Amino acid sequence: MGKVFVCDHPLIQHKLTYIRDKNTKTKDFRELVDEVSSLMAYEITRNVALEQVEVETPVTKTTCHIVSGSNKLGLIPILRAGLGMVDGMLKLMPTAEVGHIGLYRDPQTLQPVEYYVKLPTDPTQRELIVIDPMLATGGSAIAAIDLLKKRQCTRIKLMCLIAAPEGVAAVQKAHPDIDIYVAAVDEYLNDHGYIVPGLGDAGDRLYGTN
């Protein structure tokens, strides 16, 4: 069973408070999401492979570690809100390739419908991180992971700012092998599908739309 990792570092929780605040302006909201994404990237990359190298300090030679060139990462934001978390992650993993998955909800069936897919080169050889700020019903995350698995991708993680328990349970039921990284698991989904207490619509707040 995949695990749920709550990134509860004090700096993440501090910044998340201002992300939740309805009075936080678009510019500040965007910068805070970027910063939290960078901090969360430390956790989600904790298990990347290292290799030994020899360096010479001003005092002597020593053996140190660097990130192995065998690590191939791919960032897969779900459009559009997922884009707001990409730059923060690229600051720590600049060699990661970025793909995109576009989904919309069919107004009749309420099911996610794919409208755009562009994956990194050699996606089956990469560890792929699916990125979406909100894990509400779990529908979009499940559809994105479905899409990747149909393309024979097997090393997949899911990264969100805030999750509802219902969304976590749905992803775990559909994809029990997937690890989920979040900054917080909130209380519940309301009748309109919003996470409570949540932060509102992440896409609208990132891009100043209604």
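Ala-41 is found in helix H2 of this predicted model, where helices (H or I, at least four residues) and strands (E, at least two) are DSSP runs numbered from the N terminus. At 0% relative accessibility, Ala-41 counts as buried; buried means under 20% relative accessible area, exposed over 50%, and partly exposed in between, with a 1.4 Å probe and protein chains only. Residues are numbered from 1 along each chain as its sequence is written, and side-chain values use heavy atoms, with hydrogens and water left out. Because the model is predicted, local features need pLDDT of at least 70 and side-chain atom pairs count only at pLDDT 80 or more, while totals for chains, interfaces and linings use all residues.

Side chains of opposite charge can pair when their charged atoms come close. A search of the whole structure finds 10 salt bridges, each being a side-chain nitrogen of Lys or Arg within 4 Å of a carboxyl oxygen of Asp or Glu. In one of them, the side chains of Lys-91 and Asp-34 meet at 2.4 Å, N to O. Lys-91 is exposed, at 57% relative accessibility, whereas Asp-34 is buried, with a relative accessible area of 13%.

A further salt bridge joins Arg-80 to Asp-204, with the closest N and O atoms 2.7 Å apart. Here the loop between strand S4 (73-79) and H3 supplies Arg-80 and helix H6 (residues 202-207) supplies Asp-204, so parts 124 residues apart in sequence are tied together. Arg-80 is partly exposed, its relative accessible area being 35%.

Arg-20 forms a salt bridge with Asp-186, and the closest N and O atoms are again 2.7 Å apart. This pair links distant parts of the chain, 166 residues apart: Arg-20 sits in helix H1 (residues 10-20) and Asp-186 in the loop between S11 and strand S12 (188-189). Arg-20 is partly exposed at 24% relative accessible area, while Asp-186 is buried at 8%.

Strand S11 (residues 179-185) includes Val-185, which counts as partly exposed at 38% relative accessibility. Together with Val-4 and Val-6, Val-185 forms a nonpolar patch on the surface with about 200 Å² of accessible area. Patches are made of residues with over 30% relative accessible area and no salt bridge, like charges being joined within 9 Å and nonpolar side chains (Val, Leu, Ile, Met, Phe, Trp, Tyr) within 5 Å; the areas come from the Shrake-Rupley method with a 1.4 Å probe, and for residues only the protein chains shown count as cover.

Turning to helix H4 (residues 139-150), its 12 residues should span 16 Å at 1.5 Å a residue, and its end C-alpha atoms are 16 Å apart, which agrees; the expected span is 1.5 Å times one less than the number of residues. Among the buried residues of H4 are Ala-141, Ile-142 and Leu-148. Just after H4, Gln-152 takes a positive phi of about 70°.
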